[in-house]
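Hi everyone, thanks for making the time. Let me put the structure up, and then I'll walk you through a few charged pairs and a metal site.

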Amino acid sequence: MADTAHPELRIDGERLLARIQALHEVSPIDGGGNCRLALTDDDLAGRDLVVTMMRDLGLTVSIDVVGNVVAVRAGHTHTAPVMCGSHIDTVRTGGRYDGNYGVLAGLEIIETLDTAGVITKRPLAVGFFTDEEGARFAPDMLGSLVYVGGLAVEEALDTVAIDGARLGDELSRIGYAGSTPCPGVVPHAFVELHVEQGPVLELEGVTIGAVESVQGISWTELTIVGQSNHAGTTPMRLRHDAGYAAASVAVFVRGLAGELGGNQVATVGACDLHPNLVNVVAGRAVLTVDLRNTSEDGLREAERRLFGFLDELAVTEGVTITKRTLARFEPVIFDPGVVDLVEQTALAQGHTVRRMPSGAGHDAQMLARVCPTAMVFVPSAKGLSHNPAEHTEPADLEAGANVLLHVMLALAAE
Ligand code: HGY
Ligand code: MN
Ligand code: MN
């Protein structure tokens, strides 16, 4: 049921923007974004800033065994909290809103309630999860997956980064190897506020997305071994060219997405050749394939087609191809009741709203395993994300935070 106790309450938009600016100033990059890969010193600096904000608000802060941070504001009752949050790690070419916005809007909501002297029935919690991006340590949403018991702590701590570091060692090195056990406290409900990271809301002129689901994700690392050879003397028919094979994969998955149609997307985002020299036929290629689809059957068909292509390619080019799964999550459907509440709250505040799936992965898809969960989207300018030019208009940032405020108040009164 929509919040009726404090219908006029609104967040302070300037204060929210100031928080976002303060976190943006931690490890900024050219173009207006951020680079804070998980568990690097950049991430540490971001973590310390946000934990300081949490403590300045008088919240009870806990750090768990994989570095997830949860800050709690007491309610009238000692019951399961209503939780919001997201992540503050970024990809290498990250924007200033992806993840950060959902965490900082949660803190703004806390300060709004403090200023208004409102104590909720249920406690409120604001969290950020470790390594949501999965760009340094795969899979993505690693921290929230451990939080809900979907990945064993020891396995998480032994995860090796693309740069060879061990997750547990990095966690200790930056001082965020906490003692709070995982799985974590099961919230009464979880709501994640996030920028859409796609073009839909802006194209349709809609302010709020009531997110109903998250599409399935399949990440595979391919190691292709051919034969390094002289680029000038080796006849084309005698080559076992790992560079050509890698390029063939990228071209194949692009065509596959077009053939399968619907929501199927496919990306070769990382590709390293060895020895990566102008006059040497590449002997080895290590690349990644990111396949996503709102339909699990569709995603399985895409995987089947890709793996079949790889078997053929290995024979025709005379290379070996080894596959390693980096992430595999089925599509997730959010709680219809919470999605309804998001939609009703947005309408009650006079915003345009539409239901939609999420193309990106989010911590909410993991919390949905243990409690009623949904997401609130706001528009991304030009649909850009994982790009330093990522932008959302201040009025939209404020609108999303006000919707989150009243969704949380309604849930906290249950
Ligand atoms: O990959 C994703 O969808 C998210 O940004 N981790
Ligand atoms: Mn994100
Ligand atoms: Mn992201």
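Asp 43 and Arg 47 are both buried, where buried means under 20% relative accessible area, exposed over 50%, and partly exposed in between, with a 1.4 Å probe and protein chains only. Their side chains meet in a salt bridge, 3.2 Å from N to O; that term needs a side-chain nitrogen of Lys or Arg within 4 Å of a carboxyl oxygen of Asp or Glu. The two residues are four apart in helix H2 (residues 41–56), so about one helical turn separates them. Helices here are DSSP runs of H or I with at least four residues, strands are E runs of at least two, and both are numbered from the N terminus.

A word on the source: this is a predicted model, with local features needing pLDDT of at least 70 and side-chain atom pairs pLDDT 80 or more, while totals for chains, interfaces and linings use all residues. Residues are numbered from 1 along each chain as written, chains are lettered from A and ligands numbered from 1 in written order, and side-chain values use heavy atoms, leaving out hydrogens and water.

Next, Arg 355 and Asp 340 form a salt bridge at 2.4 Å, N to O. Arg 355 sits in strand E15 (residues 353–358) and Asp 340 in helix H10 (residues 336–348), so the pair ties together parts 15 residues apart in sequence.

Now, which protein donors hold the manganese ion (ligand 2)? They are His 87 (NE2), Asp 98 (OD) and His 194 (NE2), 2.1 to 2.3 Å away. Donors are N, O and S atoms within 2.8 Å of the metal (3.2 Å for Na, K and Ca); water is not among the atoms, so sites may look incomplete. Asp 98 also coordinates the manganese ion (ligand 3), 3.6 Å from ligand 2.
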